[in-house]
Amino acid sequence: MQWDFTSKVFETEVIRLADTEERIVRGGRDRFAHLPQAFAGIKQIGVIGWGSQGPAQAQNLRESLADTGIRVKVGLRPGSASMAQARQAGFIEAHGTLGEMYEVIRTSDMVLLLISDAAQAENYAEIFAALRPGATLGLSHGFLLQHLENEGTWFPPNVNVIAVCPKGMGPSVRRLYEQGKEINGAGINSSFAVVQDIDGKAADQAIGWSIALGSPYTFITTLKNEYKSDVSGERAVLLGAVHGIVEALFRRFVHAGMSEAEAFKASAESITGPISKTISHEGLLALYQKFSPEEQGQFARMYSFAYPIFHGLILEIYEDVAAGNEVRSVVAAGKRLATYPMGKIDGTRMWRVGEGVRAQRVESAIPLHAETAGLYCALMMAQVDLFLANGHSYSEVCNESIIEAVDSLNPYMHAKGVAYMVDNCSTTARLGARKWGPRFDHISEQEVFTAYDSDVEVDESRIHAFVQHPLHQALSVCEELRPAVDISVVT
């Protein structure tokens, strides 16, 4: 696929990532002046929902569109517990910026549907019926597309359908936007997709939406590709797998004689701290090169055994997602949640230990652990190669497999613990982490560590492929486009 598009409003540029070229749009507050043109004819943007993305997107849009005459109005179910939170954020019925969900949909020229995936699946017919002819429906996730395909139906033919998908959870989208008030361009990268364009305005509306959220750079995808990479990534690198592998590593290090506190530092703290920070600023190859020759041997051994095992499991996830099975699973789970709600995931011994470690943390005392780094990089590269093999762009691969983890999710895990990282994401992501995390835990202990501790020779070709991988060049270009500031998590 050619990762290209045109814009009548925004300046675009072509970047070279490995052996491909992609057209992108840089963000920044200096682009806000173009937003009225991008949203020409739009008087009201309705933000529907107040979950992970809703608060961030509503507030960012309101501030970016100040003094343009475009109203941002939040729509919620009557009696929603989120009404009080929306009012606290400044969305008020008397000001015309807060209302009942369907009333907001009916009166909005652009409707951003940010309710839970399960609620979208349950209510899409009524939502579609409430849309104005000629309006724009905006999504931040491809879940609904996959559900409609499973149901054998489609979007209404008389509306634009676009997507802007921030590569980070809602609190990150808001936090980096706030930091960007002082540093132009600070925010979360986003992909965009045009599913249906009835008036030739859809692409610029999507790009304008992304810029108004604060995205440093925006790249094109298809909503189907976004769904496959995003949902697979949630179950692998972003949430499920990282939770599973740190549980396995913690037990491994305790069994080897470390204290529980030191084991936590060598596993969870190492990944969310110095490993993530090094990858964020310098890349995966630089991480490998930071180790001594002996440590590089440990990294290479762990990487070489873990890569093919993780690749196989991520392939299973990807195939389930592409076939629509994960959507069916989430829809079914949504019907059970009222009776069987999800609990927190930080109740095990490891996370109890982690609370104490974080309370007394000295950043300089967190080790850059070679075995942990080898396991984590194998996980990332297995997902990278699987996505590339299935036709995803390098921008999507870099963001969904690496940047979103090290620049958005892991900093929250580092500051607040794994429960915050997992349980402040979407219901779909939380369900996926619970379903697949134990698989990564089990496969790490039963297969990867067993091979590492055996006398089996390392396959040197795997570490050679890692060192020579074109991903490193692509990631270096993406890192030049990253926010000029690290996210500062308010604890």
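**Cores, rings and selected residues of a predicted model**

The model is a predicted one, in which local features need pLDDT of at least 70 and side-chain atom pairs count only at pLDDT 80 or more, while totals for chains, interfaces and linings use all residues. Residues are numbered from 1 along each chain as its sequence is written, and side-chain values use heavy atoms, with hydrogens and water left out.

Ser280 counts as buried, at 6% relative accessibility; buried means under 20% relative accessible area, exposed means over 50%, and partly exposed lies in between (1.4 Å probe, protein chains only). Leaving aside neighbours within four places in sequence, Ser280 is in contact with Val406, Asp407, Glu479 and Arg482, where contact means heavy atoms within 4.5 Å. The C-alpha atom of Ser280 is separated by 39 Å from that of Ile198, and the two residues are 82 residues apart along the chain.

In soluble globular proteins, nonpolar side chains tend to be buried together. A nonpolar core is here a set of buried Ala, Val, Leu, Ile, Met, Phe, Trp, Tyr and Cys residues joined through side-chain atoms within 4.5 Å. The largest such core has 112 residues, and Phe310, Tyr376 and Phe440 are those with the most contacts inside it. Helix 13 (residues 293–322) supplies the largest share of this core, 14 residues. Apart from it lies another core, of 41 residues, with Val47, Ala202, Ala206 and Leu213 among them. Beyond its neighbours within four places in sequence, Phe440 touches a list of residues that includes Arg235, Gly240, Ile245, Phe310, Leu313 and Leu379.

Aromatic rings come next. A pair of aromatic rings is described by the distance of the centres and the angle of the planes. Rings of Phe, Tyr and Trp (its six-membered ring) pair if their centres lie within 6.5 Å; planes under 30 degrees apart are stacked, those over 60 are edge-to-face and the rest are tilted. The count by this rule comes to 16 aromatic pairs. Trp154 and Phe155 form one that is edge-to-face, with 5.1 Å centre to centre and 75° between the planes. Trp154 counts as partly exposed at 39% relative accessibility, whereas Phe155 counts as buried at 4%. Phe299 and Tyr303 form a stacked pair, at 6.2 Å centre to centre and with 10° between the planes. These two are separated by about one helical turn because Phe299 and Tyr303 are four residues apart in helix 13. Phe299 is buried at 0% relative accessibility, and Tyr303 is buried with a relative accessible area of 3%. Ring pairs also link Tyr288, Phe291, Phe299, Tyr303, Tyr307 and Phe466 into a cluster.

Charges sit over rings as well, a term that requires NZ of Lys or CZ of Arg within 6 Å of the ring centre and within 35 degrees of the ring normal. The charged end of Arg252 sits over the ring of Phe449, 4.8 Å from its centre. Likewise, the charged end of Arg301 sits over the ring of Tyr452, 5.8 Å from its centre.

Turning to the cysteines, a disulfide is a covalent bond between the sulfur atoms of two cysteines, and the cut-off used is a pair of cysteine sulfur atoms within 2.5 Å. The structure holds zero disulfides. For Cys478, the closest cysteine sulfur is that of Cys398, at 4.1 Å, too far for a bond. For Cys377, the closest cysteine sulfur is also in Cys398, at 14 Å, again too far for a bond. Cys377 is buried at 0% relative accessibility, and Cys478 is buried with a relative accessible area of 1%.

His469 is found in the loop between helix 20 (460–467) and helix 21 (471–480), and it is buried, with a relative accessible area of 13%. The side chains of His469 and Asp385 are joined by a polar contact of 2.6 Å; a polar contact is a pair of N or O atoms within 3.5 Å, where within protein one must be able to donate a hydrogen and the other to accept it, and residues adjacent in sequence count only if both atoms are side-chain atoms.
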